[in-house]
Amino acid sequence: MPRALALIGLPATRPAYRAVAYAAAALLPALLGVPALALLAVGGVLCVTRIGLPLLSLVLTAVQRLAAVHRGLVRGLLGQEVAAPPAPRPLRAAHDAAAWRCAAFVVLDVPVGVLLFAVQLPLRLYGLALLSYPLWFPAVRQNGHRGLELTGTVPLDSAPRALAVAAAGLLLLVAADWAGRRLAALVRLLARSLLGPPSRALADRVHDLEETRALAVRDSAATLRRIERDLHDGAQARLISLAMALTRAAEALRGPEPSAADTAKARDLVEQSLGSARTALGELRDLVRGIHPPVLDNGLAPALASLRSDVESPALRVELRAELSSAPRPPEAVETIAYFCAAELLANAVRHAGAHRVGVAVRVERAATGGGDLLVLEVEDDGRGGAAPGPSRPGGPSGLRGLAERVRTVDGTLSLDSPPGGPTRALVRLPFAAARGETVK
């Protein structure tokens with residue numbers, strides 16, 4: 001019997017009966033959204049005065065009470081559990097995002113609630129009347145005919161015509177059932193989206209963005225301090241020494257006929273100045289390389305090849321596998337982070353792990369979720385293992401923890417597998433979208 005009722009579009013289960021009950025019970029709260037919208041509009045207009053925000057806060061507080069009624073009806077009759085958001089402070093509802101989301105639900109529920117009521121009750125009742133027409137049309141007399149008349153000229157007084165009316169009623173019931181289920185699903189969706197607290201995923205995402213922004217600011221500040229310190233203690237001191245040596249050489253050669261001793265002294269000072277200039281140029285080159293390695297201008301694969309040639313020795317063999325030829329070139333920020341990650345991981349393998357072989361692989365993959373491209377860097381060594389992220393050094397992010405912090409600034413991840421005794425495997429995944437400023441889904 002329940003299945004037969006469901007086939008003809010009638011409520012046959014407890015959830016279906018509850019959905020019809022919700023349509024009847026939620027009509028009045030839905031209609032209350034009309035004055036709520038009007039009061040919100042008045043409060044918005046009066047925001048140019050002193051009473052605007054207090055009035056908006058009072059209206060939004062009342063709207064939250066109305067939203068609590070909707071929340072209870074949705075929970076009790078539609079089976080959708082919706083947690084209540086935190087209550088705002090008194091007279092501060094106008095500054096509370098949850099209150100405005102409740103207001104959005106109340107406003108949107110006006111047409112949805114009215115339409116749901118019309119579909120679930122009047123339309124169903126009208127369909128039932130048409131479906132049962134063959135049973136009661138002989139008892140009705142209109143203009144000398146049995147039954148009703150269609151458009152006032154065609155009497156529905158025969159069995160075939162009565163069956164056609166019943167078929168139209170059946171179609172109307174089926175359509176009402178379909179529309180009622182879709183509207184009830186829409187109400188559940190609106191309740192989940194607007195009546196509850198912000199989704200945990202969104203809150204976690206905001207928290208993660210705040211942390212990565214702080215890490216990026218801290219990293220930038222540490223980099224600026226390092227550059228200032230290196231310039232002040234290195235290249236600047238060398239250039240000052242160079243200027244002083246050249247000044248002394250000029251003074252030794254200032255006379256009309258400098259002596260052989262003065263000439264030899266000037267020659268020594270010029271040679272000293274040349275050494276200072278070469279040292280200063282080397283320090284400036286190292287400083288620039290620490291900011292952005294020039295070798296990255298040719299791409300990440302040549303940069304990693306150059307890094308391998310710098311690190312490789314008879315005691316350490318580095319195997320590089322770069323699969324980037326046919327892939328789109330990563331953004332500059334992603335390439336730079338990948339390069340520094342490879343440099344730090346190779347340095348760890350040489351200094352701490354005692355490795356004899358290191359494998360470096362880099363490739364571009366399609367993200368499993370959300371789309372977009374990922375740059376994947378994998379570094380594996382045969383060292384002693386036991387590596388773990390430690391505290392960053394005072395000079396700025398460095399070491400494994402520093403790498404993890406730098407990777408997070410572009411929504412990347414660093415995973416490390418380093419059991420005692422080895423081997424150590426580090427996997428860096430860097431999405432392109434965050435480095436380009438695109439939305440990460």
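**Close-up views of the predicted model**

View 1. The structure holds one cavity of 30 Å³ or more, where a cavity is a set of points on a 1 Å grid over the protein atoms alone at which a 1.4 Å probe fits but cannot get out. (Helices, H or I with at least four residues, and strands, E with at least two, are DSSP runs numbered from the N terminus.)

This is a predicted model, in which local features need pLDDT of at least 70 and side-chain atom pairs count only at pLDDT 80 or more, while totals for chains, interfaces and linings use all residues. Residues are numbered from 1 along each chain as its sequence is written, and side-chain values use heavy atoms, with hydrogens and water left out.

**View 2. The largest nonpolar core.** This core has 35 residues, and those that touch the most other members are Tyr-22, Leu-60, Val-63, Leu-78, Val-187 and Leu-195. A nonpolar core here is a set of buried Ala, Val, Leu, Ile, Met, Phe, Trp, Tyr and Cys residues joined through side-chain atoms within 4.5 Å; buried means under 20% relative accessible area with a 1.4 Å probe, protein chains only. Helices H2 (14-25), H4 (33-45), H5 (52-77), H6 (97-120) and H9 (159-195) each give two or more residues to this core, with H9 giving the most, nine.

**View 3. Around Leu-195.** Leaving aside neighbours within four places in sequence, the contacts (heavy atoms within 4.5 Å) of Leu-195 include Ala-67, His-70, Val-82, Pro-85 and Phe-105.

View 4. Ala-303 sits in helix H12 and counts as buried because its relative accessibility is 0%. Not counting residues up to four places away in sequence, Ala-303 touches Val-295, Leu-296 and Tyr-339. The C-alpha atoms of Ala-303 and Thr-336 are separated by 9.8 Å, with the two residues 33 apart along the chain.

Key. 1 Å grid on protein atoms, 1.4 Å probe; cavity = no way out; pocket = protein on both sides within 12 Å on 5 of 7 lines; lining within 4 Å. Points joined across faces, edges and corners; volume = space filled by probe spheres on them. Buried < 20%, exposed > 50% of the residue type's maximum accessible area, 1.4 Å probe, protein only.
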